[in-house]
Amino acid sequence: MGKDDCRELQLLDSEETLLMELLLLGLGDAYELQTLLFLLCLTIYTVTMVGNILIIMLVVTDPHLHTPVYFFLVNLSSLETCYSSTILPRLLVSFLTGDKTISAQGCMAQFFFFSTFATSECYLLAAMSYDQYLAICQPLLYARLMNWKVCLQLVAGSWVAGLLISTGITSSISRQSFCGPNAIDHFFCEEAPLLELSCGDTGMIRILIIILSFPDVVFPLLFTLASYVCIIAAILRIPSSIGRHKAFFTCSSHLTMLIVFYGTLIIVYMLPRTVPLRQLNKIFSFFYTVLTPLINPLIYSLRNREVKGALRRVLRGATACTDISN
């Protein structure tokens, strides 16, 4: 075999490696910020995991919290735990080792799980909005309309919807061939940066993504907005200011979650993907993918009297067991 043939084979091998490996550029290239970003993300991930797992344990172990609203909260905390674990561990490893490469299969797997959990969260937040609507607008019918069978159907439907929509989008993107440059200017694998690396025509896939965005985000968002229009109208009809305050406080935690999640999500997908705005896009993406799962346990633990009461009972029980053992 001649030297020219050997050189050609090396180029083919190099091109094949390029197609099989992608480079996640992350949050920034400044070396002096890597340690700070690592500590920040590690703190966020630790608090997110501990906070959400604590909420799950409190709801499961405390009979006072065995109600539909806390059943939804347990599933939301489970989603947030999975949601964070698809992005932050990989990001922490890249900060620690400096290795920003990810295989094409690994990138598609990350996108699939991220998309599944994000879509499921949209539907679960819509289900929680319906629960709030029944509690405030139809209190006499609440027990009959929001029974355990309905709760299970709403939660199962949220997970299944996320799985089906994510499977459709991921399977379409995975059929594409990726070619150089292999760099993704983001800190995780998302559909828009992935399509920018495609060698072929992405017109049909982009149309499919637009079509699927309606059951993915638009329909749950519209349902949620309609629920809160009815809720706010019902609250304004309450004659006493104390009654209005109590009703608004009931849904304030969920409303805060909705504003943070959908607010940053809409900004991310409305921002033009131009070079000057990419860093800003990353910042807002960081908010809805990393900070939203952190905010959930903080809101529901600091603003919710029942959760704080359950935590005090658990701590008292633990203290009593410690005193007996001593």
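Me: How do the residues of the lining of the largest pocket divide by class?
Reply: They divide into 22 nonpolar, four polar and six charged. Here Ala, Val, Leu, Ile, Met, Phe, Trp, Tyr, Cys and Pro count as nonpolar, Asp, Glu, Lys and Arg as charged, and the others, Gly among them, as polar. Keep in mind that this is a predicted model, where local features need pLDDT of at least 70 and side-chain atom pairs count only at pLDDT 80 or more, while totals for chains, interfaces and linings use all residues. Residues are numbered from 1 along each chain as its sequence is written, and side-chain values use heavy atoms, with hydrogens and water left out.

Me: What is the volume of the largest pocket, and which residues lie nearest its centre?
Reply: General idea first: rolling a probe the size of a water molecule over the atoms shows where empty space is left. On a 1 Å grid over the protein atoms alone, a pocket is an open set of points with protein on both sides within 12 Å along at least five of seven lines, a cavity is a set where a 1.4 Å probe fits but cannot get out, and lining residues have an atom within 4 Å of a point. Grid points are joined across faces, edges and corners, and a volume is the space filled by probe spheres set on the points. In this case the largest pocket has about 820 Å³. Of its 32 lining residues, Glu-191, Ile-209, Ser-213, Val-217 and Tyr-269 lie nearest the centre. Helix H9 gives the largest share of that lining, nine residues; helices are DSSP runs (H or I, at least four residues), numbered from the N terminus.

Me: And what about the second largest pocket?
Reply: Its volume is about 640 Å³. Val-69, Tyr-70, Thr-250, Asn-304 and Glu-306 lie nearest the centre, out of 23 lining residues. H10 gives the most to this lining, with six residues, and by class there are eleven nonpolar, seven polar and five charged residues.

Me: Which residues touch the most other members of the largest nonpolar core?
Reply: A nonpolar core is a set of buried Ala, Val, Leu, Ile, Met, Phe, Trp, Tyr and Cys residues joined through side-chain atoms within 4.5 Å. Buried means under 20% relative accessible area, with a 1.4 Å probe and protein chains only. This core has 61 residues, and Phe-72, Phe-187, Phe-261, Tyr-262 and Phe-286 touch the most other members. H5 gives the most to it, with ten residues.

Me: How are aromatic ring pairs described?
Reply: By the distance of the centres and the angle of the planes. Rings of Phe, Tyr and Trp (its six-membered ring) pair if their centres lie within 6.5 Å; planes under 30 degrees apart count as stacked, over 60 as edge-to-face and the rest as tilted. The count here is 15 aromatic pairs. Phe-71 and Phe-72 have ring centres 6.2 Å apart and planes at 55°, so this pair is tilted. Phe-261 and Tyr-288 are edge-to-face, 6.5 Å centre to centre with 75° between the planes. Their pair links distant parts of the chain, 27 residues apart: Phe-261 in H10 and Tyr-288 in H11.

Key
Helix = DSSP H or I, 4+ residues; strand = E, 2+ residues; numbered from the N terminus. Buried < 20%, exposed > 50% of the residue type's maximum accessible area, 1.4 Å probe, protein only.
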